[in-house]
Amino acid sequence: MKAASTNLDILLVDDEQADAFLVRKILRDAQFAATVAHCSDGIEALDALRRRRNASAALPDLILLDLNMPRMDGHEFLAALAREEGCGQIPVVVLSTSSAELDMDRASAGGARGYLTKQADLRLFSSALLALVRQYLQQAELPPRARPPATPPRNTRILLVDDEAADAELVAIALRKAWQGEFELVRSETLGGVSAQLGDRLPDLVLLDLGLPDASGLHSIERMRALVGRTPIVVLTGNDDSDFALEALAAGAQDYLFKSRLVAADLVRAMRHAIARSQLEERLAESEERMALALAGAELGMWDWDITRRQITVDTRWAAMLGESAGVLAVDAQGWLTRAHPEDLGAALNALNSHFRGLSPGFRFTHRLRHLGGGWVWTLAAGKVLQRDGCGRPLRAVGIMQDIGESKRMEADLLRLATTDALTTLSNRRVFVQRLAHELARIRRHWQAPSALMMLDLDHFKRINDRWGHQFGDRALCHFSTILRSCLRECDLPARLGGEEFAVLLPGTDAQAAMTVARRIREQLAQQPLAAEDETVGIRVSIGVTTLTAADPQPEACMSRADAALYRAKQHGRNREEFIEDDREHKLA
Ligand SMILES: Nc1nc2c(ncn2[C@@H]2O[C@H](COP(=O)(O)OP(=O)(O)OP(=O)(O)O)[C@@H](O)[C@H]2O)c(=O)[nH]1
């Protein structure tokens, strides 16, 4: 087993691009360190393994294997893998839409270590896949968080900038008398001499006289600040003027003392206060900086809602999302929400009201907001009431807003990839089996309304590929899909199951009607050959038809009956439709 810190190297062998996308996304979202290499069938996978072996590169830690693939299916791949030098030990887990016992038994006999059914329900599939991958990736304990090294105890370094020797002596006496702990007093008579006195260690505190030979007044605070950064500064002033002292604070000093009233205890108190205040300011600045970085990193906008004044203040990121400039927006809940898409308004108001009435600890909803330049922006709003009045009415709420357009687009892409066949855009096997299962459940309840199922397989498709090339073969598959769609009703479900194999579910259709549809598909196909260079290529299809019965336990049962009818159509000369009614006939067939 591997530790979590190492990367799990997975080889996915599956002809559906959507599955590769899905597996990668599931692992990425669960923050698994895994690399997923993808091969479309067994032959490509064996080639990839041989290339790695010949280059003495590491072989995959795990192979996820589809069963139903063109050229070499999953079972054949398992057999070939067992024979492949050095590859027999790679664990293989089957990922298949088939839950047929026969497939499971064959896979297990072929050496597969596990079998995972591709669920139509993505959440189920995702948790099953993660559980499986976890088996192969031991979750190592995270190393304990490194503690910052304890700061060694050291003297407090105090810089006194004062040209009067007597004052300096006074300060030194006061410190010796009242400062608890060790200290080092460094003195400079001028501002210009500070750097030379300090060397390369900054002081922990500065005592600054404002009447220096080379600097005087408030300006010296600014110059000192430039020399010592955020170090706290206590101003010593001979000017017995409180207003002036306050100006010194405004100019950036942390505290002040009048020289004429210098008392040891006051000096030490002011120094301690200045250090504490400066530390507090530093922590606050750091925390604001961290907060700003986090908000910027997560691309979150902020809003602050003064509910009684009906004003919402937003930051620049919030404003930019909607094409606004930052600042106070004079809007209330209605004002904000008049920008919301009417379809999203109900859920947004429910979330807000429930929190405002104190029924939920905060609120969170997604909604589309109108952009100033037109169009809609998908956003996530989340927040919390910070202040309520005595009756529990909300006074102020604060929260974030995030542009979630990209993840909405991803979600839609993912859904499309997970449910459709990339080449023909028909539904894929997963969706088909799911719909078929629903239809069987309906039939079990309302037996009167019949439904039919068709399996379709293009005739001698290999010859078409061999004669005209794979790309032309792909065109032929798309051409057939278009004709198939045009022959069906809106409620029918056509799907590409893989390769040149298709299926159609025809709800509310009896055997006779289904056979008529099958004939129509063949006729349309015959009437519309595909142009290739200076010839036209006729494409033909064989079709197996069956009806769904309440006795069918699983989709696979009626699919295998339709398959048997298809096989019979191939046996009887192709380009025809055959019907098998029930299991008795199926067994005879
Ligand atoms: N172009 C293209 N060919 C594919 C695709 N998937 C499967 N095939 C090819 O389809 C062919 C199917 O061949 P066979 O299973 O022997 O069937 P067939 O030649 O149609 O013969 P019958 O079904 O018996 O009439 C193989 O050559 C596959 O490589 C695809 O997505 N595109």
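Start by selecting Leu 46 and its contacts. Leaving aside neighbours within four places in sequence, Leu 46 is in contact with Ala 80 and Glu 84. Contact here requires C-beta atoms, placed from the backbone, within 7 Å of each other. Leu 46 belongs to helix α2, residues 42-54. Helices are DSSP runs of H or I with at least four residues, strands are runs of E with at least two, and both are numbered from the N terminus.

Is Leu 46 buried or partly exposed? Leu 46 is partly exposed, because 19 other C-beta atoms lie within 10 Å. The cut-offs: buried takes 20 or more other C-beta atoms within 10 Å, exposed takes 12 or fewer, and partly exposed falls in between, with C-beta atoms placed from the backbone.

**Before moving on**

This is a predicted model: local features need pLDDT of at least 70, side-chain atom pairs count only at pLDDT 80 or more, and totals for chains, interfaces and linings use all residues. Residue numbers run from 1 along each chain as its sequence is written.

Zoom out to the whole chain. It has 20 helices and 27 strands. Of its 589 residues, 31% count as buried. Take the contacts between residues at least 6 apart in sequence: 61% of them join residues at least 24 apart.

**Stop 1: the parallel sheet**

Select β9, β8, β10, β13 and β14. In that order, these five strands form an open sheet with parallel pairing. Strands pair if DSSP finds at least two bridges between them. At the edges are β9 (183-188) and β14 (255-258), each pairing on one side only. Neighbouring strands are turned by 20° against each other on average, direction ignored.

Colour the two sides of β10 separately. Leu 205, Leu 207 and Asp 209 are on one side, Val 206 and Leu 208 are on the other, and all are buried.

Next, check the partners of β10. Strand β8 (residues 156-161) runs parallel to β10 and is joined to it by four bridges. Leu 159 has Val 206 as its bridge partner. Val 161 stands opposite Leu 208. With strand β13 (residues 233-237), β10 pairs in the parallel sense, again over four bridges. There, the bridge partner of Leu 207 is Val 234.

Helix α8 (residues 219-228) lies across β10 and β13, at about 155° to β10. Helix α10 (residues 264-297) packs on the sheet and touches β10, β13 and β14; its direction makes about 165° with that of β14. Such angles run from 0 to 180 degrees between N-to-C directions, with axes fitted to C-alpha atoms, for helices over the stretch in contact.

**Stop 2**

Look between β21 and β23 (residues 501-506). They pair in the antiparallel sense over six bridges. Leu 456 has Phe 502 as its bridge partner in β23.

**Stop 3: the nonpolar cores**

A nonpolar core is a set of buried Ala, Val, Leu, Ile, Met, Phe, Trp, Tyr and Cys residues joined through C-beta atoms within 7 Å. The largest has 45 residues; among those with the most contacts inside it are Leu 453, Phe 480 and Val 545. Helix α19 (residues 555-571) gives the most, with seven residues. A second, separate core of 35 residues includes Ala 20, Leu 81, Leu 129 and Val 133.

Centre on Phe 480. Not counting residues up to four places away in sequence, Phe 480 touches Leu 458, Leu 525, Ile 539 and Val 541.

**Last stop: the ligand**

Which residues are closest to the ligand? They are Pro 70, Phe 461, Lys 462, Gly 473 and Gly 499, in a shell of 18 residues. The largest share, four residues, comes from α17.

Methods. Two residues are in contact if their C-beta atoms, placed from the backbone, lie within 7 Å. A residue is near a molecule or strand if its C-beta atom, placed from the backbone, lies within 6 Å of it.
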